Amino acid sequence: MAVTKILARKGRLDIGIKYVLNGDKTEDHVLTATLNCDPGREYRQMMDTKQAVGKTDGVQYYHIIQSFQPGEVTPEQALEIAKEFAAEHLSGYEVVIGTHADRGHIHSHLVFNSVSCETGEKYHSNAQTYYQQIRAISDRLCREHGLSVIMQGGSGKAVSYIEWLRQSKGQPTFRAMLEADLRTAIEDANDMGHFHMLMEHMGYEIHHGNRLGFRLRGQERFMYPGRKNPLFTKDGIRAAILGNLEVIEAGQRSAVIHHPRYQPYKKHPKYTGFMALYVHYLYVLGKIGERQYPPKMTPQLKAEVMKFEQHREQFAFLRDNGISTQADIDAFQVRTKETLATLTKQRTILNVRKKKRKKLYAALTDIEALAQAKQLYEDGISGMEAEYAQYLEAVAVLEQCDIPREQLASEKADIYEQLSEVNRKIRAERKKQAMCQAILNEIPRIEKEIQQIEHEKEVSRNEYRRR
């Protein structure tokens, strides 16, 4: 499944191009491509196009992002989908494509000139072009490549890219927590006034307008869940509460909601070194410790849930790899660096093998892709002349080599599979390197913050004793 979004940018075009082609994100520029411009001259050619028609102001470029679920697609396949998308939707524009594989989810960036190099007209982006063209083409290409698509296709069902990304990682979102609190309040409420009181007790401010809006005290904006789910509109909430009362009157549900029984606190295992530091940090911040049931999710705690996901992930990394001291983490970094060097060498060898067969592999792809066009041409359908000529050229290329077609296809599949596996391992090792560096950067700050918090607690205890 690919999630797409398009951004209009008035900033510097060269910065956008440089970001897309970042070698650290694109496997040393292996996962890059261009359309209607030459590698290394993309910025100059796009500016020449603008200057030729006198349209150098306003939006400088558009930036399309196509993001896939973790583990659903290989970087090579994502790049191929992005190239097919550009060829179909942006055939008249100068495009720079880069597939970034430095994160857990593979995503492609397409930066293209706001001015067409064929017509000189500016590209116009709106909701209609997004859903009828960008989203439709992306979904169709995903289906053709055997990937899933988002079934709820309308603007009313869309979610933001950040929200989708957090949901795909199983991380909490403010919207999910709000909806859970709304369902709890609806289940407990006797009428709308009681519902509003329960939501306020949970820490929410309520906006009474055409739609009900909710925000935690301290948040800047209200959220309006009724836009996406009719249950959370005024009429939907009122009907749900009335339905609950009818069920209670019919004897199908108890009037008293029984919460889970209290479970005694289980002592945490004893940790040492860095792991102990992280456990201590989470404790002084109130993130771990004895809990009451049901847990009280205060507004402050809900805000902190987002902030400290990173620390939980770092602690799990330390625990899983048995890292407790500076010596442990130094040794781990050395092993990771050695593994990364070996993998990079393997990838270089595979890329050299692939480059030697590039023309033959391209011919194999053309034969497979143009087989239907060849049949249409032979059946007398007009308009297939160019495709038929390309098909014959590919056949001629394969006939000139001494390798049987079946053996060549098997060799191609094997090389691409090995490259995909090596790239996956390289991404995993680079993620380990980044995690080690992040932990080393966090350790001094965590120690300082613990000292400050404990000092404040000691001052507070001393003041209490004086009273």
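**Setting up.** I am working on a predicted model, where local features need pLDDT of at least 70, side-chain atom pairs count only at pLDDT 80 or more, and totals for chains, interfaces and linings use all residues. I number residues from 1 along each chain as its sequence is written, and side-chain values use heavy atoms, with hydrogens and water left out.

**The largest pocket.** I looked up its volume and found about 1600 Å³. A pocket here is an open set of points on a 1 Å grid over the protein atoms alone, where a 1.4 Å probe fits, with protein on both sides within 12 Å along at least five of seven lines. The volume is the space filled by probe spheres set on the points, which are joined across faces, edges and corners.

I then checked the lining (residues with an atom within 4 Å of a point). It has 39 residues, and Glu 80, Lys 83, Thr 365, Lys 412 and Tyr 416 lie nearest the centre. They divide into 15 nonpolar, nine polar and 15 charged. Ala, Val, Leu, Ile, Met, Phe, Trp, Tyr, Cys and Pro count as nonpolar, Asp, Glu, Lys and Arg as charged, and the others, Gly among them, as polar.

Among the elements that each supply at least two lining residues are strand 2 (32–35) and helix 16 (405–466). Helices (H or I, at least four residues) and strands (E, at least two) are DSSP runs, numbered from the N terminus.

**Helices 9 and 11.** The axes of helix 9 (residues 273–284) and helix 11 (residues 309–320) come within 9 Å and cross at roughly 155°. Axes are lines fitted to C-alpha atoms, for helices over the stretch in contact (heavy atoms within 4.5 Å), and angles run from 0 to 180 degrees between N-to-C directions. Helix 9 and helix 11 are therefore roughly antiparallel (over 145 degrees).

**Helices 13 and 15.** The axes of helix 13 and helix 15 (residues 385–400) also come within 9 Å, crossing at roughly 135°. The contact has nine nonpolar, one polar and two charged residues.

Notes:
Angles under 35 degrees count as roughly parallel, over 145 as roughly antiparallel, 65 to 115 as roughly perpendicular and the rest as oblique.
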